[in-house]
Amino acid sequence: MKLMKRIVVTSAKGGIGKSTAALGLAAALANAGHRTLLVDCDIGNRCLDLMLGLEDRVLYDLSDVAEGRCTPSDALIQPEGMTDLYFCAAPVTAAAEPESEISAYIQALRLLAEETNAEYILCDTAGTGPLVRAIAEDFAHGALVIATQQPASIRSAEHTASLMETWGNLPCRLLISMFEDRAATNGSRAGLLEIIDKTHVRTVGVVPRDRALMLAQEEGRLPDGKSRAGRAFKNIAIRLTGEDVPLFYGIREIKTGKVL
Ligand SMILES: Nc1ncnc2c1ncn2[C@@H]1O[C@H](COP(=O)(O)OP(=O)(O)O)[C@@H](O)[C@H]1O
Ligand SMILES: [Mg+2]
């Protein structure tokens with residue numbers, strides 16, 4: 001399997017854990033010693049600065065790099081104690097994504113990649129729109145498509161994966177987020193096989209629904225590596241680097257056989 005190093009995090013449905021996954025994975029990769037760049041590409045709707053507790057440190061954003069108002073290094077922030085993690089915020093005010101600026105945004109991503117010399121780059125996105133398309137066509141090596149157990153999100157993930165293949169011929173990997181293992185076990189919500197089967201995308205990992213993760217985000221703290229979700233992000237980071245690790249490794253409460 002060719003390693004995906006520039007990753008667009010996507011899926012057309014909102015509120016399903018895309019930003020959470022982008023951040024959790026970026027932190028796990030950085031904690032494992034990989035130089036990682038996390039870029040909030042959800043133009044006009046930025047959130048990662050809040051989730052990282054960095055809102056007071058954002059002076060410049062991706063649009064400032066795109067439009068030459070600052071140098072790439074001016075727009076990069078390193079969360080405290082995270083020597084291998086670089087972050088660039090999205091503009092908060094841009095109402096839409098004017099077509100004419102799209103190529104400038106892609107150029108900004110290239111400049112940030114060059115400035116950080118990052119091994120992994122994660123672009124959190126709005127899920128659809130011209131910028132996502134341009135990232136798929138001209139920047140990313142692969143797509144991380146997010147789905148939950150919700151039927152609408154499963155359908156959306158399938159559709160998004162086919163767009164990624166059409167636009168950028170991108171390999172896609174499925175990340176199942178907010179997974180409720182008990183609901184899968186008792187059959188009240190989709191199990192893993194149903195989600196994988198319906199999306200037609202190869203799975204890279206499952207992140208359990210974890211209240212501790214939600215609270216950490218609301219307080220602007222990085223996910224605790226020992227929490228269920230934190231452990232899941234570690235596992236996904238390991239798989240992205242080409243190594244194998246059991247689906248729920250380190251998450252003792254969940255038995256793979258029961259949630260299929
Ligand atoms: N694994 C999880 N467990 C619990 N809450 C989660 C999980 N993943 C995401 N959330 C919560 O769901 C909400 C939406 O997540 P977010 O990452 O912003 O979605 P998106 O980027 O797809 O709109 C947030 O409040 C977030 O804290
Ligand atoms: Mg988001």
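In the predicted model, helix H6 (residues 151–168) packs against helix H8 (residues 192–199) at an angle of about 35°. The axes of H6 and H8 lie 8 Å apart, and the crossing of these helices is right-handed. On the H6 side, the contact is formed by Ile154, Ala157, Glu158 and Ala161, which meet Ile195, Lys198 and Thr199 of H8. Classified by residue type, this contact of H6 with H8 comprises four nonpolar, one polar and two charged residues. Residues three or four places apart in an α-helix point the same way, because the helix has 3.6 residues a turn.

The loop between H8 and E7 contains histidine 200. Phi of histidine 200 is near 60°, a positive value in a residue other than glycine. Most residues other than glycine have a negative phi. Histidine 200 has 12 C-beta neighbours inside 10 Å and therefore counts as exposed, the cut-off for this class being 12 or fewer. A positive phi, near 50°, is also found at methionine 178, a residue of strand E6. Methionine 178 has 23 other C-beta atoms within 10 Å and is therefore buried, the cut-off here being 20 or more.

Helix H10 (residues 228–240) consists of 13 residues. From the first C-alpha to the last, H10 reaches 19 Å, close to the 18 Å expected at 1.5 Å a residue. Because eleven of its 13 residues are buried, H10 is largely enclosed by the rest of the structure. Just after H10, glycine 242 takes a positive phi of about 100°.

Ligand 1 is surrounded by 17 residues, of which Gly17, Lys18, Ser19, Thr20 and Met214 are the closest. The elements contributing two or more residues to the shell around ligand 1 are H1, E6 and H9. By class, seven nonpolar, seven polar and three charged residues make up the shell around ligand 1.

Terms used
Residues are numbered from 1 along each chain as its sequence is written. Chains are lettered from A and ligands numbered from 1 in the order in which they are written. This is a predicted model: local features need pLDDT of at least 70, side-chain atom pairs count only at pLDDT 80 or more; totals for chains, interfaces and linings use all residues. Helices (H or I, at least four residues) and strands (E, at least two) are DSSP runs, numbered from the N terminus. The expected span of a helix is 1.5 Å times one less than its number of residues. Axes are lines fitted to C-alpha atoms, for helices over the stretch in contact, and angles run from 0 to 180 degrees between N-to-C directions. A crossing is left-handed if the near helix is turned anticlockwise from the far one by less than a right angle, and right-handed if clockwise. Two residues are in contact if their C-beta atoms, placed from the backbone, lie within 7 Å. Ala, Val, Leu, Ile, Met, Phe, Trp, Tyr, Cys and Pro count as nonpolar, Asp, Glu, Lys and Arg as charged, and the others, Gly among them, as polar. A residue is near a molecule or strand if its C-beta atom, placed from the backbone, lies within 6 Å of it.
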